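Here's a quick briefing to read alongside the structure. Have a look at the fold first, then work through the notes below.

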Amino acid sequence: MAAKKVKIQVRDLCKHFGDLVVLNDINFDIYDSEFLCVVGPTGCGKTTFCNVVTRLMPITKGSVIMDGEPVDFKKHNISFVFQEPSCLPWRTVWDNVKIGLEIKGYPKSEIKERVGNVLDLTGLTKFKDFFPNQISAGMKQRVAIARAFVTEPDMLLMDEPFGQLDTSTRFHIENSLVRLWQKTKQTVIFVTHNLEEAVYLSERILVCTPKPTKIKEEVMVDHLDYPRDITDREFVKIRKQVTDLVRWW
Ligand SMILES: Nc1ncnc2c1ncn2[C@@H]1O[C@H](COP(=O)(O)OP(=O)(O)OP(=O)(O)O)[C@@H](O)[C@H]1O
């Protein structure tokens, strides 16, 4: 079997806000095309983690290296999906999804092909001419996901993107996210405090401690096939393992 290629190396990463130590010596690798989940208690620094890993925020100490170079959002192609709705209200679904490609100056024919494919994979094709005020919250998050994937980013960060959705909507959107990731094989870091969601989606879970935050343990999930069955014995076992780790925070 081919060795996995390391895409991102996080070394001795620390983030302080004045005297408040939020991240304290975080170390891990992310592999190319991996779907990684990060779970941790409220306020442990998950959003801060996303901001410093992408260097949107300066780091206090340590390094984040992507493909052998320090991460730089001006150089690397990094996409985000946040919990809050982020559609531009004056653009249709199609025009929202294509915006990143438009900014990067892709030819019209390539934009058409890529946007068409990603809308198909996210189940949005029949809503392509709708405006954001004509679609549901779940659909808006699908638009955000499609817009993030369509640029084929080096790293895609998702910060509790489904936190505001009801269980049924979340289940459908999680399935479409997995399908999209399986087709495109982009490198995804997905932050959540929903443990079942982490086991359902990811190949590996990093469990964080409360502040000052460290990585407590990593749990492998890559032996479970997609789409996953939440009643499967191995699924239940892993969810319990992660829950027990969280219980002892
Ligand atoms: N810009 C800032 N200045 C000062 N303190 C900050 C700043 N941003 C975050 N913090 C503090 O850092 C800690 C971690 O915040 P962060 O929002 O990263 O946590 P989180 O795990 O994402 O929270 P939640 O689970 O509620 O989404 C909190 O104590 C917060 O008050």
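Residues 8–235 have their end C-alpha atoms 27 Å apart, and this span is 33% helix and 26% strand. Helices (H or I, at least four residues) and strands (E, at least two) are DSSP runs here, numbered from the N terminus. UniProt puts the feature "domain: ABC transporter" on residues 8–235, in an unreviewed entry; its positions are given in the numbering used here, feature names are shortened, and annotations may be inferred rather than shown by experiment.

Keep in mind that this is a predicted model: local features need pLDDT of at least 70, side-chain atom pairs count only at pLDDT 80 or more, and totals for chains, interfaces and linings use all residues. Residues are numbered from 1 along each chain as its sequence is written.

**The chain as a whole**

- The chain holds seven helices and ten strands.
- Its radius of gyration is 18 Å, close to the 18 Å that the globule rule gives for 249 residues, so the chain is as compact as a globular protein of that length. The radius is taken over C-alpha atoms, and the rule is 2.2 Å times the number of residues to the power 0.38.
- Along its principal axes, the C-alpha trace spans about 50 × 45 × 40 Å.
- Of the 249 residues, 37% count as buried. That label takes 20 or more other C-beta atoms within 10 Å of a residue's own; exposed is 12 or fewer, partly exposed is in between, and C-beta atoms are placed from the backbone.
- Among contacts between residues at least 6 apart in sequence, 70% join residues at least 24 apart. A contact is two C-beta atoms, placed from the backbone, within 7 Å.

**Around the ligand**

- The residues surrounding the ligand are Phe 17, Leu 20, Val 22, Gly 40, Thr 42, Gly 43, Cys 44, Gly 45, Lys 46, Thr 47, Thr 48 and His 193. To count as near, a residue's C-beta atom, placed from the backbone, has to lie within 6 Å.
- Strand S2 (20–31) and helix H1 (46–53) are the elements that give two or more residues to this shell, and H1 has the largest share with three.
- By type, the shell divides into four nonpolar, seven polar and one charged. Ala, Val, Leu, Ile, Met, Phe, Trp, Tyr, Cys and Pro count as nonpolar, Asp, Glu, Lys and Arg as charged, and the others, Gly among them, as polar.

**Helix H1 and what covers it**

- H1 has Lys 46, Phe 49, Cys 50, Val 52 and Val 53 as its buried residues.
- Their cover includes strands S1 (6–17), S2, S3 (35–39), S4 (61–66), S7 (155–159) and S8 (188–192).

**Strand pairing**

- Strands of a sheet pair through backbone hydrogen bonds, either parallel or antiparallel. Pairing here takes at least two DSSP bridges between two strands.
- An open, antiparallel sheet of four strands runs in the order S2-S1-S4-S5, with S2 and S5 (69–70) as the edge strands, each pairing on one side only.
- Within that sheet, five bridges join S1 to S4 in antiparallel fashion, and Ile 8 has Met 66 in S4 as its bridge partner.
- S9 (residues 204–208) is mostly covered, with four of its five residues buried.
- S3 and S9 run parallel, joined by four bridges, and Val 39 stands opposite Val 207.
- S9 and S10 (residues 215–220) run antiparallel through five bridges, with Leu 206 partnered by Glu 218. A hairpin of six residues joins the two.
- In S6 (residues 78–81), Ile 78 and Phe 80 point one way, Ser 79 and Val 81 the other, and all are buried.
- S6 runs parallel to S7 with four bridges, and Val 81 faces Met 158.

- The peptide bond from Lys 211 to Pro 212 is cis, with omega near -10°; Pro 212 sits in the loop between S9 and S10.
- The bond from Tyr 226 to Pro 227 is also cis, with omega near -10°, and Pro 227 lies in the loop between S10 and helix H7 (233–247).
- Arg 55 has a positive phi of about 65° although it is not a glycine. Arg 55 is in the loop between H1 and S4 and is partly exposed, with 17 other C-beta atoms within 10 Å.
- Asp 67, in the loop between S4 and S5, has a positive phi near 50° without being glycine.
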